[in-house]
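Here is a briefing on one predicted model. It covers strands, the nonpolar core, aromatic pairs and charges over rings.

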Amino acid sequence: MKRNAGLLFPVSSLWGKYGIGTLGKSAFKLIDFLKKSELSIWQILPLNVTSFGNSPYQSPSNYALNYYFIDFETLIEKNLLNEEEVDSVSWGENPSRIDYGAIFNNKLRILKLAFSRYDKTSPDFVKFLKEGTNFSDFSVFMVLKDMHSLRPWYEWDEKYRKYDPSIEKEIKTLHKDEYLFYMWTQFEFLNEYRLVKDYANKNGIKIMGDLPIYVAYDSVEVWKYPYLFELDERLNPKKVAGVPPDCFSEDGQLWGNPLYNWAYHKKTNYKWWNERINNALKLYDLIRIDHFRGFSRYFAIPFGDKTARNGTWVDGPGFDLFKDKLDYPIVAEDLGMIDDKFLELMKKTGYPGMKIVSQAFEDEDPKNIWRPSNYTPNFFAYSGTHDSKTTKQFIDDLNSEEKEKMLNILEEECLKLDVPFTRKFNNEQLTTVICELTFASKAKSAIIPVMDLFTLGKEARINFPSTLSDDNWSWRLDEKLFKEKEKDKTEILVRRVDNYSRI
C-alpha cells in the first residue's frame, strides 16, 4: 500500500493574478500536482472569514466562508465581471505576499459589482436563502458591522448592541440588498469550493480542513448567542483564552477569545458543538481540531489582562463531548503543554495526534518522543507547522553548537530509518532530509508544509503566534517558482511515497 501522505498548503497561499489564493485554476492545478506526486491529502487552514489581523483563527463567524477566496476568473466566465474591471485594480506588487490593504479596499467592491449583475431569482439561490440559517446570521451581522463602520458589536449603537429578533427583521427588509449580497458570497463560495472538492475526491485526494477551537469575541455567535460563552451581565468575557508562559514566551500567549459556558453546553448535550463538527465534516473529508488539549483543560486569563501570566487551568468537557464521535475522521492537534488528564482523553478518543520532526533536536535522549524513529502509527507526522519557523529557517537560525547537536541527532535518525545523510549537506539539503524522515517514520500519515517542500526560509513563514504583523498569513507561493520546480518536486514526492510504502 502506498505511503499515506499529503501537503499542507493554505488556500490563501495559492498563486494567481488577483492578490490572494482563490478557488480557481491554481487550486485545480495543485490537485493535479498532488495526484502526479502520489499524495492523497491536501491539508488547508480554516476557510473562515477573517477580520482585523487576517487570522483564520479569529473569525467573526464560525460558519461563514472567506469571500476573499472567491475567484474572479470564475465570475468572468459567468459574465458577472469583465477582465478590464478586475485588471484595472492594483492587487499588490509582490507575487509572494498578500497585500491585505489592497484586498480589503477592492475585493468586496468588485464582488458587489458582480452581485449587481447576478439573477437574485435563481432557483438555487432562492433555495439557499431558505436553508442557509447559519449564513443568514453572518449576513445580518456583517450588514450591522457595515452600518457601524466595521466597529465590533460591543461598540455599536445601543439599539443594536444586544441581539433581538426585531433587528434581523429590520436588516432583511430595510437593508435587503446588502443582506442578500453577503448571502450570495457564501452561495458563490460553496459553489466554487464544491467543484474543487469534487475534483480532488475524483482524483483520489482528500481535503483535510481545520476547525479552530474558539471564535472571536467580535463574532455573530457571541452577539446572538451569548449564553454559549462565559460572559458577565454586560456581555464582557469573564476570562479569555490563551496559553501560559513557557520557554518561548515569558508572558505566554494572550489570544483573547471568549471561553465557552461548558455547563450550558453539557445541559444541551453539546448541541451547538455537534452541529459545528458535523457541519465541518460536510465541507471536508477529515478535520484537524486546533488546540485539542483545551477540551481537557483550558487556560483561563482574566479579561483585561495584558499578558497570560495570571491565567489558571480549568477543566473542560473532556471525553463527554466526543464519546459519540469515536469513528469521526478527526486529527487532534495535541501540541503544547501535555498532562496525564489530556493523555487520557487522547487514549479514550483514539484520535491520531501530531508529531513535528523539527522539534526533535533539543533533546539528545534516543527515547525523545519527537524523534521520528519513535513515532507510532496513531500520529500524523509533520516536518513543521504553519505556526512555527519553516524548517530551513529553523536550521538557518541555529548557532554552531546547536547545529552540531542537530547533525548528531539527524545522523542517528537517518541511520535508524535508512535515510541518506551526510554532514556535508547544506541547509536546503538538510531541510530535505527532515522531510525524508517525516515520510520514513511509522506515523499514520506524513504531511509536508509547502514551504518545506520548496526548502524556503524565513521569507515563507506563515504566522508568528500572538503577534499582529503584515507578514502574518500573507505568504504566497510564487507561480514562477512552482512551474520551475514542479517536475523536480513531483519526482521527489513519488520517490518518497514509493520508498516509504506501508504494508
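Strand β10 (residues 353-356) is covered on both faces. Gly 353 and Lys 355 are buried on one side, Met 354 and Ile 356 on the other. Buried means under 20% relative accessible area, exposed over 50%, and partly exposed in between (1.4 Å probe, protein chains only). This is a predicted model: local features need pLDDT of at least 70, side-chain atom pairs count only at pLDDT 80 or more, and totals for chains, interfaces and linings use all residues. Residues are numbered from 1 along each chain as its sequence is written, and side-chain values use heavy atoms, with hydrogens and water left out.

**Strands**
- Helices (H or I, at least four residues) and strands (E, at least two) are DSSP runs, numbered from the N terminus.
- In a regular strand the side chains alternate between the two faces of the sheet.
- β10 pairs with strand β11 (residues 379-382) in the parallel sense, over four bridges; pairing requires that DSSP finds at least two bridges between the strands.
- Lys 355 has Ala 381 of β11 as its bridge partner.

**Charges over rings**
- Lys 355 also lies over the face of Phe 379, at 4.7 Å from the ring centre.
- The charged end of Lys 489 sits over the ring of Phe 454, 5.7 Å from its centre.
- The criterion is NZ of Lys or CZ of Arg within 6 Å of the ring centre and within 35 degrees of the ring normal.

**Nonpolar core**
- The largest nonpolar core has 162 residues, and Trp 42, Tyr 67, Trp 184, Trp 273, Phe 292 and Phe 295 have the most contacts inside it.
- Helix α9 (residues 176-202) gives this core its largest share, 12 residues.
- Such a core is a set of buried Ala, Val, Leu, Ile, Met, Phe, Trp, Tyr and Cys residues joined through side-chain atoms within 4.5 Å.
- Leaving aside residues up to four places away in sequence, Phe 292 touches Phe 322, Ala 332, Glu 333, Phe 342, Leu 345, Met 346 and Tyr 351; contact means heavy atoms within 4.5 Å.

**Aromatic pairs**
- The whole structure holds 53 aromatic pairs.
- Rings of Phe, Tyr and Trp (its six-membered ring) pair if their centres lie within 6.5 Å; planes under 30 degrees apart count as stacked, over 60 as edge-to-face and the rest as tilted.
- Phe 189 and Tyr 193 are stacked, because their ring centres are 6.3 Å apart and their planes lie at 20°.
- Both residues belong to helix α9, four residues apart, about one turn of the helix.
- Phe 189 is buried at 0% relative accessible area, and Tyr 193 is buried at 3%.
- Tyr 225 and Tyr 227 form an edge-to-face pair, 6.2 Å centre to centre with 75° between the planes.
- Tyr 225 is partly exposed at 21% relative accessibility, and Tyr 227 is partly exposed at 41%.
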